[in-house]
Amino acid sequence: MLRSTRVATWIAVVILGLIARFKPRAARAIVAVAIGTLGIAHGATDDATLERVGFRPRGGRATISLVYGSIAIVTFFAARRAPKLAARALFVLSWFHFGRGDANFARACGSHVDANFEALVRGAIPLFIAGDDVRSRVTASATVAYAARHALAGRYADAADLALPTALLLAIVPRLGFGIYFGAWHSVRHTVLLLERDSRGGNARVRWQRFARESLPNVAIALGVGALAYALSRAGDKPSFATMDDAENEAIAGALILAITVPHEIAVGIIERRARLA
């Protein structure tokens with residue numbers, strides 16, 4: 001399932017990239033569905049996965065969920081109080097999270113790459129490449145050179161892992177490109193890696209059905225908490241999202257993403273550490 005997923009994500013970014021290039025509205029709709037489903041769901045089984053890898057505090061999954069949610073809420077309101085600091089924190093954390101996630105997926109597929117350096121390179125792609133500016137061109141050039149090194153060494157799959165998202169993010173509108181990366185690349189690979197490591201076994205269909213059952217309640221909670229946090233953060237101020245300026249929209253969106261990312265990254269760190277020790 002891992003190697004077929006790897007190929008599927010290559011195909012997905014190529015197809016969605018072409019759609020985004022010529023039919024951006026259609027691409028936005030597809031990306032919205034991808035993020036609203038698997039994008040949110042890929043971290044929604046963190047509590048169940050932590051239990052399965054032996055992380056069982058007093059109170060079990062209820063305690064994990066309570067702590068997880070508390071970290072998310074505290075992070076959100078802290079980010080609203082210090083949006084500039086939150087933006088920097090989100091950037092660094094996302095670099096680490098995306099890079100490590102993709103490097104771990106590649107290694108699980110059989111790639112013999114240096115985990116730390118590979119994570120550094122892979123994490124930079126969705127964050128530093130955003131359209132046609134100097135930073136994007138420099139990052140893209142360095143990434144393509146590193147991909148060529150992989151190709152010359154016969155590591156063609158690793159070369160594709162670097163070259164395809166780089167081409168995607170250079171070719172289309174930055175936000176849409178990032179949405180495709182997050183919804184059709186990162187979330188898919190992370191989820192399939194979790195399914196592959198699920199010790200309860202079963203074929204792919206059974207694993208996906210189990211994932212859907214376990215993630216659905218937390219997806220609903222995440223959407224509800226996000227809506228509540230948004231409403232509370234805007235209490236007494238402009239209530240309509242449509243009347244808010246772009247800077248305020250981005251600040252709230254960034255705070256919500258950071259609130260989800262911080263506990264998710266903590267959980268992933270524990271899961272990965274226990275997986276290595278197993």
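Mentor: Let us begin with the surface. The model is a predicted one. The accessible surface of its protein chain comes to about 14,500 Å², and carbon and sulfur atoms hold 66% of that area.

Trainee: How is burial expressed, and what percentage of the residues of the protein chain count as buried?

Mentor: A residue is called buried when its relative accessible area is under 20%. In this protein chain of 278 residues, 44% count as buried.

Trainee: Which secondary structure elements does the protein chain contain?

Mentor: The chain has 11 helices and 0 strands. Read from the N terminus, the order of elements is therefore written α-α-α-α-α-α-α-α-α-α-α.

Trainee: What share of the contacts with a separation of 6 or more comes from residues 24 or more positions apart?

Mentor: Such pairs account for 73% of those contacts in the protein chain.

Trainee: Which side chains does the side chain of Arg-6 meet in polar contacts?

Mentor: A polar contact is judged from the distance between N or O atoms, which must lie within 3.5 Å. The side chain of Arg-6 is joined to that of Asp-158 at 2.8 Å and to that of Ser-111 at 3.1 Å. Leaving aside residues up to four places away in sequence, Arg-6 touches several others, among them Phe-105, Cys-109, Arg-122, Asp-161 and Arg-189.

Trainee: Let us turn to Ser-187. Where is Ser-187 placed, and which helix holds it?

Mentor: Ser-187 is in helix H9, spanning residues 174-197. With a relative accessibility of 0%, Ser-187 counts as buried.

Trainee: Which backbone oxygen does the side chain of Ser-187 reach?

Mentor: The side chain of Ser-187 reaches the backbone oxygen of Phe-182, at 2.7 Å. Phe-182 is also named among the residues that Ser-187 touches, together with Leu-38, Gly-39 and His-42, when residues up to four places away in sequence are not counted.

Key. Residues numbered from 1 in each chain as written. Predicted model: local features only at pLDDT ≥ 70, side-chain atom pairs only at ≥ 80, totals over all residues. Heavy atoms only, no water. Helix = DSSP H or I, 4+ residues; strand = E, 2+ residues; numbered from the N terminus. Buried < 20%, exposed > 50% of the residue type's maximum accessible area, 1.4 Å probe, protein only. Polar contact = N/O pair within 3.5 Å; in protein donor to acceptor, adjacent residues only side chain to side chain. Contact = heavy atoms within 4.5 Å. Areas by Shrake-Rupley, 256 points an atom, 1.4 Å probe, with all protein chains shown as cover.
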